[in-house]
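Here are my notes for you, written as numbered points. Keep the viewer open and click along as you read.

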Amino acid sequence: MQKELELKFTDKLKISKKRARVAYLIAMMVIIYFLMTVIKGVYFWTDGSSYSFAQNINESIKIIFTKTWVFPLSNLWEVIPAVPFEGRDIIEFYKVIIPPAVVFGICGLFITDHRTLRAKLYELRADIEKEIALREMRKDAGLETLSESATIEIAISNATNDDPAWHNTGWGKVIIGVAIALVVTAIGLK
């Protein structure tokens, strides 16, 4: 029974580990995307400025553009929107900021899910080891104990984890729906 429960946990842990790794990769890409939008926005904001500090920033960004102007990145630099630092057009700011923030938040939920499940597995193992040590102490003290398999089964039945992943719960589905609505709204705004 102990091995069966650990296998359930390790299977769940493997699945959540794969999801967490993909989430880390996507989160890293979102961070790069956001930095590129900020760099492009700062470039447009400082372009033609009369202040020497702003001119230096603009020249530094031009150097970044020339160094990264290779095939896949050059297309990305052209297509990627810039964070609008000037004006009061809140819709443009919303379109640039909200989609990466939503994707980053969902990635954070997958990563948190994996960390929580890993902590529960370590807690389960510690509880089982503690129960086995207590049984040995009772046996050494000459106290009457249950059979070896009964003690472990009691410990395991008390420590089972049937918690669904966050995206399989009701609130998880609501979060995913709201996130999709935010992204679709940001893409659809003109």
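1. Are Tyr43 and Phe65 buried or exposed? Both are buried; buried means under 20% relative accessible area, exposed means over 50%, and partly exposed is in between, with a 1.4 Å probe and protein chains only. For Phe65 the value is 14% relative accessibility, so this residue counts as buried.

2. A word on what you're looking at. This is a predicted model, where local features need pLDDT of at least 70, side-chain atom pairs count only at pLDDT 80 or more, and totals for chains, interfaces and linings use all residues. Residues are numbered from 1 along each chain as its sequence is written, and side-chain values use heavy atoms, with hydrogens and water left out.

3. Now the overall layout. The protein has six helices and zero strands, which reads along the sequence as α-α-α-α-α-α. Helices (H or I, at least four residues) and strands (E, at least two) are DSSP runs, numbered from the N terminus. Of the 190 residues, 27% count as buried. Take the contacts between residues at least 6 apart in sequence: 73% of them join residues at least 24 apart, where contact means heavy atoms within 4.5 Å. The protein exposes about 12900 Å², and carbon and sulfur atoms supply 65% of that; the area comes from the Shrake-Rupley method with a 1.4 Å probe, and for residues only the protein chains shown count as cover.

4. Next, the rings. There are three aromatic pairs. Rings of Phe, Tyr and Trp (its six-membered ring) pair if their centres lie within 6.5 Å; planes under 30 degrees apart count as stacked, over 60 as edge-to-face, and the rest as tilted. Tyr43 and Phe65 have ring centres 5.1 Å apart and planes at 75 degrees, so this pair is edge-to-face. Tyr43 sits in helix α1 (residues 2-46) and Phe65 in helix α2 (residues 52-67), so the pair ties together parts 22 residues apart in sequence.

5. Follow Phe65 onward to Trp77. Their ring centres are 4.7 Å apart with planes at 75 degrees, so this pair is edge-to-face too. It links Phe65 in helix α2 with Trp77 in helix α3 (residues 71-79), twelve residues apart. Trp77 has 6% relative accessibility, so it counts as buried. Ring pairs link Tyr43, Phe44, Phe65 and Trp77 into a cluster.

6. Which helix holds Glu78? Glu78 lies in helix α3, and with a relative accessible area of 54% it is exposed. Leaving out residues up to four places away in sequence, Glu78 touches Lys40 and Trp69. The C-alpha atoms of Glu78 and Lys40 are 9.7 Å apart, although 38 residues separate them along the chain.

7. Back in helix α1, have a look at Ser16. Its relative accessibility is 4%, so Ser16 counts as buried.

8. Last stop: helix α6. Which of its residues are buried? They are Gly172, Ala179 and Ala186. Seen down the axis of α6, these buried residues fall within an arc of 55 degrees, so they line one face of the helix; the arc is that of the directions from the helix axis to the C-beta atoms. What covers them includes α4 (90-141). The face turned away from the buried side carries the exposed residues Gly170, Lys173, Val174, Val184 and Gly188.
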